[in-house]
Amino acid sequence: MSNQFYNEYPKFLVSVDCIIFGFKEGTLKLLVQKRPYNPGKGEMSLIGGFVEEGESIDETAQRILTKFTGIGKVYMQQLGAFGEVERDPGERVITIGYYALINSADFDESLTRENEAQWVDIDNVPKLFSDHNKMVEKARRNLQKKVNSNPICVNLLPKYFTLTQLQTLQESILGVELDKRNFRRSVAFKDYIVKTKYIDKENSKRGARLYKFQLEDI
């Protein structure tokens with residue numbers, strides 16, 4: 001790319017940070033890693049990296065997500081730009097935040113160990129590098145706004161799930177306990193949640209009915 005223009009303006013580094021959510025052990029989890037380089041080497045941080053030459057920010061986000069999850073295609077949404085002047089002690093870095101929702105069953109756990117990453121409970125996120133905690137909070141607020149009216153949970157649950165699993169996931173996203181009767185009544189009005197003929201006998205002594213999402217375009 002030609003560098004004959006805009007030479008009078010300062011140049012900044014651009015990075016992408018990914019807020020990766022998964023549903024494990026009955027709660028919403030966040031994937032964090034031990035930061036592998038300075039500044040802040042050894043501190044816990046979000047998963048991220050710099051935009052490479054000839055690469056769009058969407059491509060950067062997908063590259064990072066694939067590297068750390070082993071999944072080629074995941075649900076991701078751009079969260080926004082974070083550009084406080086002193087946000088990174090190393091250089092002036094403007095970062096674009098993305099949040100991703102992945103099904104933990106598809107996740108390659110060997111990559112977690114390889115990249116010194118770990119899942120943490122969304123309600124017990126440790127102090128993260130720079131402004132990463134702020135990004136996590138913003139991403140969770142975004143999920144909270146969508147969860148009741150948008151079938152985003154399809155990206156976090158297995159293909160077949162019980163209503164208890166669905167309720168537990170929504171409670172974990174919202175951070176509040178939901179009334180079981182009211183929750184099930186609300187599900188009945190969502191035509192994209194369909195009852196199947198299958199019964200969960202592995203996790204339920206009495207046997208719980210399994211449901212699935214029925215969407216034209218997931």
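This is a predicted model: local features need pLDDT of at least 70, side-chain atom pairs count only at pLDDT 80 or more; totals for chains, interfaces and linings use all residues.
Helices, taken here as DSSP runs of H or I with at least four residues, are numbered from the N terminus.

**Overall layout**

The protein chain contains five helices and nine strands, and from the N terminus on these elements run in the order β-β-β-β-α-β-β-α-β-α-α-α-β-β. Taken along the principal axes, the C-alpha atoms fill a box of roughly 70 × 35 × 30 Å. Of the 218 residues, 44% count as buried. Among contacts between residues at least 6 apart in sequence, 62% join residues that are at least 24 apart.

**Helix α4 and its surroundings**

With 12 residues, α4 reaches 16 Å from its first C-alpha to its last, which is close to the 16 Å expected at 1.5 Å a residue. Its buried residues are Leu-163, Leu-166, Gln-167, Leu-169, Gln-170, Glu-171, Ser-172 and Ile-173. The cover over these buried residues includes the strands β1 (13-24), β2 (27-34), β8 (193-200) and β9 (208-213), together with the helices α3 and α5 (180-188).

Two packed helices are described by the angle between their axes and the distance between the axes.

| Helix pair | Axes come within | Crossing angle |
|---|---|---|
| α3 (residues 132-146) and α4 (residues 163-174) | 9 Å | roughly 135 degrees |
| α4 and α5 | 11 Å | roughly 105 degrees |

The axes of α3 and α4 cross at roughly 135 degrees, and that makes α3 oblique to α4. On the α3 side the contact is made by Arg-140, Leu-143 and Gln-144, and on the α4 side by Ser-172, Ile-173 and Leu-174. The residues of this contact divide into three nonpolar, two polar and one charged.

For α4 and α5, the axes cross at roughly 105 degrees, and angles of 65 to 115 degrees count as roughly perpendicular, so the two helices are roughly perpendicular to each other. Here α4 contributes Leu-163, Thr-164, Leu-166, Gln-167 and Gln-170, while α5 contributes Lys-180, Phe-183, Arg-184 and Val-187. By class, the contact of α4 with α5 has four nonpolar, three polar and two charged residues.

**Nonpolar cores**

The largest nonpolar core has 36 residues, of which Ile-19, Phe-21, Leu-166 and Phe-213 touch the most other members. At least two residues of this core come from each of β1, β2, β5 (75-82), β6 (93-102), α3, α4, α5 and β9. Leaving out residues up to four places away in sequence, Phe-213 touches Pro-151, Cys-153, Val-154, Leu-157, Phe-161, Leu-166, Tyr-192 and Ile-193. A second, separate core of 18 residues includes Ile-47, Ala-61, Leu-65 and Ala-117.

Apart from its neighbours within four places in sequence, Lys-195 is in contact with Arg-209, Leu-210 and Tyr-211. The C-alpha atoms of Lys-195 and Tyr-211 are separated by 4.5 Å, although these residues stand 16 residues apart along the chain.

Notes
Residues are numbered from 1 along each chain as its sequence is written. Side-chain values use heavy atoms; hydrogens and water are left out. Axes are lines fitted to C-alpha atoms, for helices over the stretch in contact, and angles run from 0 to 180 degrees between N-to-C directions. Angles under 35 degrees count as roughly parallel, over 145 as roughly antiparallel, 65 to 115 as roughly perpendicular and the rest as oblique. Contact means heavy atoms within 4.5 Å. Ala, Val, Leu, Ile, Met, Phe, Trp, Tyr, Cys and Pro count as nonpolar, Asp, Glu, Lys and Arg as charged, and the others, Gly among them, as polar. The expected span of a helix is 1.5 Å times one less than its number of residues. Buried means under 20% relative accessible area, exposed over 50%, partly exposed in between (1.4 Å probe, protein chains only). A nonpolar core is a set of buried Ala, Val, Leu, Ile, Met, Phe, Trp, Tyr and Cys residues joined through side-chain atoms within 4.5 Å.
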